[in-house]
Amino acid sequence: MAIGSGLGAQLGIAAETTYGTFVAPAKFIEFTKESLALKKTTAQSAGIAAGRLMALSSRRVVTRREVSGSLDLEVTNKGMGLLLQALMGTTVTPVQQGAGPAYLQTHTLASVAGKSLTIQKGVPLTTGTVVDKTFVGCKVISGEFACGVGEMLTGTFEIDGKDVDEGQTLAAASYANMSPFHFGQMALKAGTFGTETALDGIRKVSVKIERPQDVERFYANQSALKAEPIENDQVKVTGNLETDYVSTILDDLHTSDGSTSLVWEFVGANIATSYDETFRITLPAVKLDEGPPVVDGFGVVKPTFNFTALYDGTNRVKIEYISTDATL
């Protein structure tokens, strides 16, 4: 029997082979909060009948069903592969580094067609009974990562799903020994792609990757459920840099509308020989949109530079993840 509060909750995920077809979760992620829920659209018959003062309950119908919500979590040194794959689109097989237990996942920006998840949520009643809520056909619509002074690296994933199935068996949760990436491990580099150097004065970084998709694909013959969402706009990658005004490097890029490559990385404990736990986002071409320094008091000037990442014509946005995970 579980604890009858959020302490007893669980979240399991699995990659689907076919959109909307349940796959029993074998990977369990630690999360800080979630908002996944069924959304239903209903219609009520409005027929007039002599003397009837209220609409009939038997004549309310459900015309469509779907799932939406988000997952908030700390980005850890294990177990992130399935979410990163669903966000970025590349089918990834971890590559062993050297002869030891370190494995590199390279999630390069690609189409997300065919990339969907089963997400199974366990919600505890106050009695300690855990209720199954299994969401199928879950597509990652966006992922946002952020870390500032004294903080953990966090991730927020926006989800669109096909349906909820409450008839599955709740999988028994098990967790690897994980630790979160954090500010003490953070570095930000800028410059020419491949030769970026460390930027001083960076206090907080956030990066958001949006995967626009048509989530309104409701057709006849589908029992009020949607077909797999299709990408319907270019990928949007944006973010911001909270800084102390220690140099004019970013200010000059803003003024000239120049381009720079940004590498944002977290390097943790050593796994084997020269391979460390790593989470790294590479943005080959970044333009600064806002953020010229302003003086608003006696304190240190602290500009925040908002940016947009673009395609440099050769190199694609990617997330690299080194862990001991031999599989996603």
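In this predicted model, the buried residues of helix α1 are Gly81, Leu82, Leu83, Leu84, Gln85, Ala86, Leu87 and Met88. The helix, which spans residues 81-88, is thus described as mostly covered, with eight of its eight residues buried.

Setting aside residues up to four places away in sequence, Asp72 makes contact with Phe31, Thr32, Lys33, Gly155 and Thr156. With Thr156 there is also a link between side chains, in the form of a polar contact of 3.3 Å. Ala269, by comparison, stands 197 residues from Asp72 in sequence, and the C-alpha atoms of the two are 24 Å apart in space.

Turning to strand β19 (residues 275-290), one finds Thr282 there. Thr282 is buried because its relative accessibility is 5%. Its contacts, again leaving out residues up to four places away in sequence, are with Phe193, Leu262, Val263, Val317, Lys318 and Glu320.

As for the cysteines, Cys138 has a relative accessible area of 0% and is therefore buried. Cys147 is likewise buried, with a relative accessible area of 0%. A search for disulfides across the whole structure returned zero.

Terms used:
Residues numbered from 1 in each chain as written. Predicted model: local features only at pLDDT ≥ 70, side-chain atom pairs only at ≥ 80, totals over all residues. Heavy atoms only, no water. Disulfide = S-S within 2.5 Å. Buried < 20%, exposed > 50% of the residue type's maximum accessible area, 1.4 Å probe, protein only. Helix = DSSP H or I, 4+ residues; strand = E, 2+ residues; numbered from the N terminus. Contact = heavy atoms within 4.5 Å. Polar contact = N/O pair within 3.5 Å; in protein donor to acceptor, adjacent residues only side chain to side chain.
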